[in-house]
Amino acid sequence: MFPITDFLIYCFVTAYTPGVNNLLSMSNAMRLGFKKSFKFNLGITLGFLIVMSICALFSSILFTMLPKIKFYMQILGAIYMLHLAQKMWKSNSDFQVEEEAASFLAGMVLQFINPKIYIYAITAMSLYILPVFHSNASLIGFTLLLTIIGASGSFMWALFGTIFCKIFIKHTKIVNLIMALLLVYCAIALFL
């Protein structure tokens with residue numbers, strides 16, 4: 001029997017808690033507005049779909065290799081998150097950034113080095129989906145569902161950043177510090 005409630009709780013908690021996608025989506029929306037950051041979020045969505053598809057196809061192989069792969073993904077992911085935290089802390093107080101910061105390609109490529117996405121996909125596939133569903137149609141359907149739920153978190157954080165932009169502009173340094181600390185927390189949490 002498929003534990004749909006547990007599955008959905010896991011998916012939404014994972015998608016809506018702070019992570020690289022969500023924090024960068026919020027930051028880009030604060031700085032550029034929702035419309036200009038939209039292409040970044042579309043890139044996240046496409047990258048999410050690609051990573052989810054890869055994980056669905058190769059979940060059994062990755063699952064057996066996870067102890068070896070997980071450590072390297074954690075190290076690379078933590079370094080990248082700390083780099084983003086440093087950039088966030090040192091960002092301008094006038095909220096002006098280059099357009100490249102919110103590009104479609106940047107959002108898409110981010111998914112391939114974001115360990116939270118891999119952990120999200122592998123956990124959902126190996127613990128909830130693959131033990132119950134085996135057909136290609138069901139795997140495609142769950143891949144799309146995981147993508148929609150995961151990407152919706154980034155869009156919601158971008159909307160949050162847009163709505164509260166005026167408050168954030170007045171308190172730029174504290175907002176940058178909080179977001180940088182959240183990224184540091186995400187990097188540390190990979191090892192907990």
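Predicted model: local features only at pLDDT ≥ 70, side-chain atom pairs only at ≥ 80, totals over all residues.
Which helix is Leu182 found in? Leu182 sits in helix 8, and we will come back to this residue once the overall layout is clear.

Across the protein the mean pLDDT is 81, and 82% of the residues reach at least 70. One stretch asks for caution: over residues 93–100 the pLDDT falls below 50, and in the model this stretch makes 12 contacts beyond near neighbours in sequence. Among the elements, helix 6, covering residues 136–163, has the highest mean pLDDT, at 92. The lowest, 72, belongs to helix 7, which covers residues 165–170.

Now for the overall plan. The protein has 8 helices and 0 strands, giving the pattern α-α-α-α-α-α-α-α along the sequence. Of its 192 residues, 46% are buried. Among contacts between residues at least 6 apart in sequence, 88% join residues at least 24 apart.

The UniProt record, an unreviewed entry, lists "transmembrane region" for residues 40–63, 117–133, 139–162 and 174–191. Two of these spans can be described in the model. Residues 139–162 are 100% helix, and their end C-alpha atoms lie 35 Å apart. Residues 117–133 are 76% helix and 0% strand, with 21 Å between the end C-alpha atoms.

Next, look inside. The largest nonpolar core holds 39 residues. Phe7, Cys11, Met52, Tyr120, Ile129 and Leu146 have the most contacts inside this core. Helix 1 (4–16), helix 2 (20–32), helix 3 (34–89), helix 5 (115–129), helix 6 and helix 8 (172–189) each give two or more residues to the core, and helix 5 gives the most, with 9 residues. To see how parts of the chain meet, follow Ile129: leaving out residues up to four places away in sequence, Ile129 touches Phe2, Phe7, Ala124, Leu139, Phe142 and Leu146.

Cys11 counts as buried because its relative accessibility is 0%, and Cys55 is buried for its own value of 0%. A search of the whole structure finds 0 disulfides.

Why can helix 2 be called largely enclosed by the rest of the structure? The reason is that 13 of its 13 residues are buried. Just after helix 2 comes Gly33, which takes a positive phi of about 95 degrees.

Finally, let us return to helix 8, where we started. Leu182 has a relative accessible area of 27%, so it counts as partly exposed; a residue must be under 20% to be buried. Leaving aside neighbours within four places in sequence, Leu182 is in contact with Pro18 and Leu23. The C-alpha atoms of Leu182 and Ala85 are separated by 8.0 Å, although these residues are 97 apart along the chain. Met179 also lies in helix 8, but Met179 is buried because its relative accessible area is 1%. Between the C-alpha atoms of Met179 and Pro18 there are 9.2 Å, while 161 residues separate the pair along the chain.

Key
Residues numbered from 1 in each chain as written. Heavy atoms only, no water. pLDDT = per-residue confidence, 0-100. Helix = DSSP H or I, 4+ residues; strand = E, 2+ residues; numbered from the N terminus. Contact = heavy atoms within 4.5 Å. UniProt positions renumbered as here; feature names shortened; annotations may be inferred. Core = buried A, V, L, I, M, F, W, Y, C linked by side-chain atoms within 4.5 Å. Buried < 20%, exposed > 50% of the residue type's maximum accessible area, 1.4 Å probe, protein only. Disulfide = S-S within 2.5 Å.
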